[in-house]
Amino acid sequence: MANITLGGTPVETVGNLPKVGSKAPDFKLTAIDLSTKTMADFAGHNLVLNIFPSVNTGVCATSVRTFNEKAAALDNTKVLCISRDLPFAQDQFCAAEGIENVVMLSDFKTGKFGTDYGVTFKTGGFEGLHSRCIVVVNKDGEVIYTEQVGETGDEPDYDAALASLS
C-alpha cells in the first residue's frame with residue numbers, strides 16, 4: 001500500500017501502482033455515454049491514465065484541463081481521466097469547460113479499477129475514492145511510467161509522464 005497524505009494527514013491506499021515493465025491490468029469503466037470501456041477499446045494506442053479523487057475539486061479539475069491541452073499534440077495517445085465520479089458529473093464538467101481531447105471514465109459501479117490498480121484510499125476523508133496517480137501504458141499494454149502523488153493536493157508531474165512516451 002502507498003503511504004501518502006491528504007491535507008498533510010497520513011492516509012493509505014489499498015495497494016501499490018502496477019510496476020513499470022508489467023502488463024497493465026484490464027479494466028471495465030463507464031464512459032459519459034454510459035457505455036462500458038475496456039483496455040481493448042484503446043488497443044494500439046499509448047495511454048495516459050490520469051487518476052484522481054473527483055473532478056469537482058480544484059487540483060483534479062486542473063489535471064483534466066492540463067491534460068486536455070497537452071493531449072491535442074500527442075501522437076497515437078489517448079488520455080483517460082479516471083475517477084469514481086458519476087458519468088453525469090464528468091460530462092457536465094467537460095461541457096462547461098470545453099474539454100474535448102481526453103476520455104472521461106468512471107469507476108463508480110464496482111471500484112474494481114481502483115483495487116486492481118492499487119489506488120483506492122483505504123483510510124482518511126477520501127476513503128473509497130481514488131488517490132491522485134498517473135500511469136502511462138505503451139501501445140503494447142506495458143506500463144512504462146507511474147507516479148503516486150505524495151500529497152493528494154499536489155498536481156502530478158505532467159512533463160515527466162509525457163516524456164515517458166518519447
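Me: What should I know about the source?
Reply: The model is predicted: local features need pLDDT of at least 70, side-chain atom pairs count only at pLDDT 80 or more, and totals for chains, interfaces and linings use all residues. Residues are numbered from 1 along each chain as its sequence is written, and side-chain values use heavy atoms, with hydrogens and water left out.

Me: OK. How many bridges join E3 to E7?
Reply: 2 bridges, with E3 and strand E7 (residues 103–106) running antiparallel. Ala31 is opposite Leu105 in E7.

Me: And which helix packs on the sheet there, touching E3, E6 and E7?
Reply: Helix H2 (residues 87–97). Its direction makes about 160° with that of E7. Contact means heavy atoms within 4.5 Å. Axes are lines fitted to C-alpha atoms, for helices over the stretch in contact, and angles run from 0 to 180 degrees between N-to-C directions.

Me: What does H1 lie across?
Reply: Helix H1 (residues 58–71) lies across strand E5 (46–51), strand E6 (77–83), E7 and strand E8 (133–137). H1 runs at about 165° to E5.

Me: What's the strand order in the open sheet?
Reply: E4-E3-E7-E6-E5-E8-E9, 7 strands with mixed pairing. Strand E4 (36–38) and strand E9 (143–148) are at the edges with a single partner strand each, so one side of each has no neighbour in the sheet. On average, neighbouring strands are turned by 30° against each other, direction ignored.

Me: Where do E1 and E2 come in?
Reply: Strand E1 (residues 3–6) and strand E2 (residues 9–12) are joined by 4 bridges and run antiparallel. Leu6 is opposite Thr9 in E2. Their hairpin has 2 residues between the strands, and Gly7 takes a positive phi near 65° there.

Me: Switching topic. How many helices and strands overall?
Reply: 4 helices and 9 strands. Along the sequence the pattern reads β-β-β-β-β-α-β-α-β-α-β-β-α.

Me: And the overall dimensions?
Reply: The C-alpha atoms fill a box of roughly 40 × 35 × 30 Å, taken along the principal axes.

Technical notes
Two strands pair if DSSP finds at least two bridges between them.
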